[in-house]
Amino acid sequence: MNEVNAQQARVLSGMRPTGALHLGHYHGVLKNWVRLQHEYPCFFFVADWHALTTHYEDPTVIPASVTNMVIDWLAAGVNSAQATLFIQSQVPEHAELHLLLSMITPLGWLERVPSYKDQQEKLKEKDLATYGFLGYPLLQSADILIYKAGLVPVGEDQVAHVELTREVARRLNHLYGREPDFEQKSQAAVKKMGKKNARLFDKLRKAYQEQGDHEALEVARALLQEQQNITLGDKERLLGYLEGGGRVILPEPQPLLTKASKMPGLDGQKMSKSYGNTIALRAETDELAKQLRTMPTDTQRVRRNDPGDPARCPVWQFHEVYSDDEVKEWVQQGCRSAGIGCVECKQPVIDAVIAELQPMQQRAAEYEQQPELLHNMIAEGNEKAREVARETLQEVRQAMSLAY
Ligand code: TRP
Ligand code: SF4
């Protein structure tokens, strides 16, 4: 409950700048962002503070990754005229909200986040027994809540962080959304909607609270959203009043689960830096052709004359991403009958990956030659993000009795 209305939800997502982006990022995340930017107001940011939680011993790799990451976003089709692109540490409001949220977040909630222990196990060579690393999911909550984002596109591994965010928002609303004169203020706000709407609102509220009528709740929410005469603060108050709670200071976001990317790595496992099986978006043509030429195939196809089975071959998974039915049929037939060799079979994949990456690399090269343009674009995004962030932060300060 207390969620943002889906039609006008802001979308927010972030990416850690810890190395070069690869085809897995493109197929798994960036294509999705490009689509979302046409459908919602989107905020996409470089999570440089998050990178510090794991790379604090050598942060010197971060700045180049930040710039290259934004360049790759743009090269992939993310558009700064449609989405707000910014850098986390340039919007210090995230840090203040993180601090304020930390006051109300039970330690156990953070210790129980699955990635906390998992990552410590996985990254054994790093000392992650730090305050920053424990607090990292809460920093993510602040990232999300400061924009009152309704939808957070994330992979499976990040859903627990969105869930934590929902719990923290709920707790904050519960603690600070109950003003002593809430009832009176709410009724005064209802009156401001005009006689007809006020009567309708009361009726819908009653239907929801007394009969649990969810449709009435939806209608009442929509009615609230279209009111021109009441302030944002009053809208939030009435959202809470409607549901029988206090004022909604921070709405609860929803994860927007991106379909698991089918992008395989060079060894057939999911493409990921930690498996060392990636093709970088900036890989030189020769380099990526070589990577694909030397990738493993069906291990049971030892000699050219041995028939193979695409189901056992990582190259086939690439055909599934890149090839049309005709080529796929050619692979199936040719592989099983030993009619084609593996080198031959890989060629259409090599061509397709090159065709996909070349225009992106060209655009990236153009941005690389215009550092000033890039700088200005990010500065503008930072400023746009800050405006929204400042407003939310002010509301939270007020709710927590810090507006002097
Ligand atoms: N934690 C995310 C990751 O490791 C990155 C991230 C930081 C993020 N803040 C976010 C993603 C807010 C979505 C929303 O991939
Ligand atoms: Fe794999 Fe193609 Fe070789 Fe068959 S012919 S084993 S699908 S690379």
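Q: Where is Tyr147 found, in terms of helix and strand?
A: Start with the element names: helices (H or I, at least four residues) and strands (E, at least two) are DSSP runs, numbered from the N terminus. Tyr147 sits in the loop that links helix H7 (131-145) to strand E4 (151-154). The model is predicted: local features need pLDDT of at least 70, side-chain atom pairs count only at pLDDT 80 or more, and totals for chains, interfaces and linings use all residues. Residues are numbered from 1 along each chain as its sequence is written, chains are lettered from A and ligands numbered from 1 in the order in which they are written, and side-chain values use heavy atoms, with hydrogens and water left out.

Q: Is Tyr147 buried or exposed?
A: Read relative accessible area: buried means under 20%, exposed over 50%, partly exposed in between (1.4 Å probe, protein chains only). Tyr147 counts as buried because its relative accessible area is 0%.

Q: Which residues does Tyr147 touch?
A: Touching means contact, with heavy atoms within 4.5 Å. Leaving out residues up to four places away in sequence, Tyr147 touches Arg10, Leu12, Phe43, Phe86, Val91, His94, Ala385, Val388 and Ala389. Glu57 makes a contrast in distance: 90 residues from Tyr147 along the chain, with 30 Å between the C-alpha atoms.

Q: Which residue has a phi near 45 degrees?
A: Lys148 has one, with phi near 45 degrees. Lys148 also lies in the loop between H7 and E4. Lys148 is buried, because its relative accessible area is 13%.

Q: Which residue has a positive phi of about 60 degrees?
A: That is Ala338, again not a glycine. Ala338 belongs to the loop between H15 and H16. With a relative accessible area of 13%, Ala338 is buried.

Q: Which residues are around ligand 2?
A: A shell residue has a heavy atom within 4 Å of the molecule. Around ligand 2 these are Thr297, Asp298, Arg301, Cys313, Val315, Val331, Cys335, Cys342 and Cys345.

Q: How many nonpolar, polar and charged residues does the shell around ligand 2 have?
A: Ala, Val, Leu, Ile, Met, Phe, Trp, Tyr, Cys and Pro count as nonpolar, Asp, Glu, Lys and Arg as charged, and the others, Gly among them, as polar. The shell has 6 nonpolar, 1 polar and 2 charged residues.

Q: What is the space taken by ligand 2?
A: On a 1 Å grid over the protein atoms alone, a cavity is a set of points where a 1.4 Å probe fits but cannot get out. A molecule sits in one if more than half of its atoms lie within 2 Å of its grid points. Ligand 2 takes the space of the largest cavity.

Q: Which residues are buried in helix H14?
A: An α-helix has 3.6 residues a turn, so residues three or four places apart point the same way. In H14 (residues 314-322), the buried residues are Pro314, Val315, Trp316, Phe318, His319 and Tyr322. They pack against helix H1 (23-39), helix H13 (285-293), H15 and H16. Val315 is also one of the residues around ligand 2.

Q: Which domains does the domain assignment give?
A: Bounds come from an automatic or database domain assignment. It gives domain 1 (6-177 + 252-261 + 370-399), domain 2 (182-243) and domain 3 (282-368). The C-alpha centres of domains 2 and 3 are 58 Å apart.

Q: How far apart are Arg199 and Trp330 in sequence and in space, and what does each number tell?
A: Read the two separations side by side. Arg199 and Trp330 are 131 residues apart in sequence and 68 Å apart in space, C-alpha to C-alpha. Arg199 lies in helix H10 (residues 195-211) and counts as exposed, at 59% relative accessibility. Now take Glu380 and Phe86: 294 residues apart along the chain, their C-alpha atoms are separated by 8.1 Å. Glu380 is in helix H17 (residues 371-399) and is exposed, at 56%.

Q: Which box do the C-alpha atoms of the protein fill?
A: Roughly 85 × 45 × 45 Å, along the principal axes. The protein has 17 helices and 5 strands. Of its 404 residues, 49% count as buried.

Notes. 1 Å grid on protein atoms, 1.4 Å probe; cavity = no way out; pocket = protein on both sides within 12 Å on 5 of 7 lines; lining within 4 Å.
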